[in-house]
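Visitor: I am new to this structure. Could you walk me through it, one feature at a time?

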Amino acid sequence: MNIIFKITLLLSLFVCTNCATIISGSQQMVEITSEPSAATVFINGIEAGNTPVQKNLKRNQEYALTLKLDGYKTYKTKLERKFNAWYIGNVVFGGLIGIIVDPATGAMYKLKPEQINGAPKAGTTYKTRSENLFINISLDIDSNAEKIGQLEKSN
């Protein structure tokens, strides 16, 4: 009976040693939408598709987002690494392994849109749900773009 208790205790301690990795994981799902849709999304200069786009991004690095759509101004912003509060669980539960594993895997971070003076960059709205990040970007019309026609409402 004594050995079963020791094994259970040891396994419990090991499971609680890397809180952020267990709770959040080393990647974060990011969904990028735009108004209007169908803008081409570039992540760190690499084309990722047209909006809406969903990507699993590593938490331990920052990303440069660029959206391009004919007739609209190019939009640039960043996804920044922010501290993930789950990392503190390693200190509370005495997880020496987690203190090493979480920074190495990037789980001690979460991605958020670039912030200016405490608010997201103009044109950007975002929300998080279940560690997923949803970003919506409103594109401004390019005043230098040549207008070649106008759709009219049908009766």
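Visitor: Let me start with a detail. In β11, which residue is the bridge partner of Ile32?

Guide: This is a predicted model, and in it Ile32 is bridged to Ile135 of β11. Now widen the view to the strands. β1, residues 27-35, pairs with β11, residues 132-138. The sense is parallel, and the pairing runs over 6 bridges.

Visitor: In what order do the strands of the open sheet come?

Guide: Read across the sheet: β4-β1-β11-β10. That makes 4 strands with mixed pairing.

Visitor: Which strands stand at the edges?

Guide: β4 (53-58) and β10 (124-129) do. Each has a single partner strand, so one side of each has no neighbour in the sheet. From one strand to the next, the twist averages 25 degrees.

Visitor: How many helices and strands does the chain have?

Guide: Count 4 helices and 11 strands. The chain has 155 residues, and 32% of them are buried. Now look at contacts between residues at least 6 apart in sequence: 62% of these join residues at least 24 apart.

Visitor: Back inside, then. In the largest nonpolar core, which residues touch the most other members?

Guide: Val30, Leu67 and Leu79. This core has 18 residues. Six named strands each give two or more of them: β1, β2 (40-43), β4, β5 (63-68), β6 (75-83) and β11.

Visitor: Which residues does Leu67 touch, leaving out those up to four places away in sequence?

Guide: Pick out a few on the model. Among them are Ile32, Ser34, Val41, Thr51, Tyr75 and Ile137.

Visitor: Where is a peptide bond cis?

Guide: One runs from Glu35 to Pro36, with omega near -5 degrees. Pro36 sits in the loop between β1 and β2. Another cis bond joins Thr51 and Pro52, with omega about 0 degrees. Find Pro52 in the loop between β3 (46-50) and β4.

Visitor: How exposed are they? What is the relative accessible area of Ala38?

Guide: Ala38 has 39%, so it counts as partly exposed. Asn44 is at 38% and is partly exposed too.

Visitor: One last point. What pLDDT does the chain average?

Guide: The average is 74, and 60% of the residues score at least 70.

Visitor: Where does pLDDT stay under 50?

Guide: Over residues 13-22. The model has 28 contacts beyond four places in sequence for that stretch. Take care here. Where pLDDT is low, the predicted coordinates should not be read in detail.

Technical notes. Residues are numbered from 1 along each chain as its sequence is written. This is a predicted model: local features need pLDDT of at least 70, side-chain atom pairs count only at pLDDT 80 or more; totals for chains, interfaces and linings use all residues. Side-chain values use heavy atoms; hydrogens and water are left out. pLDDT is the predictor's confidence in each residue, from 0 to 100. Contact means heavy atoms within 4.5 Å. Two strands pair if DSSP finds at least two bridges between them. Axes are lines fitted to C-alpha atoms, for helices over the stretch in contact, and angles run from 0 to 180 degrees between N-to-C directions. A nonpolar core is a set of buried Ala, Val, Leu, Ile, Met, Phe, Trp, Tyr and Cys residues joined through side-chain atoms within 4.5 Å. Buried means under 20% relative accessible area, exposed over 50%, partly exposed in between (1.4 Å probe, protein chains only).
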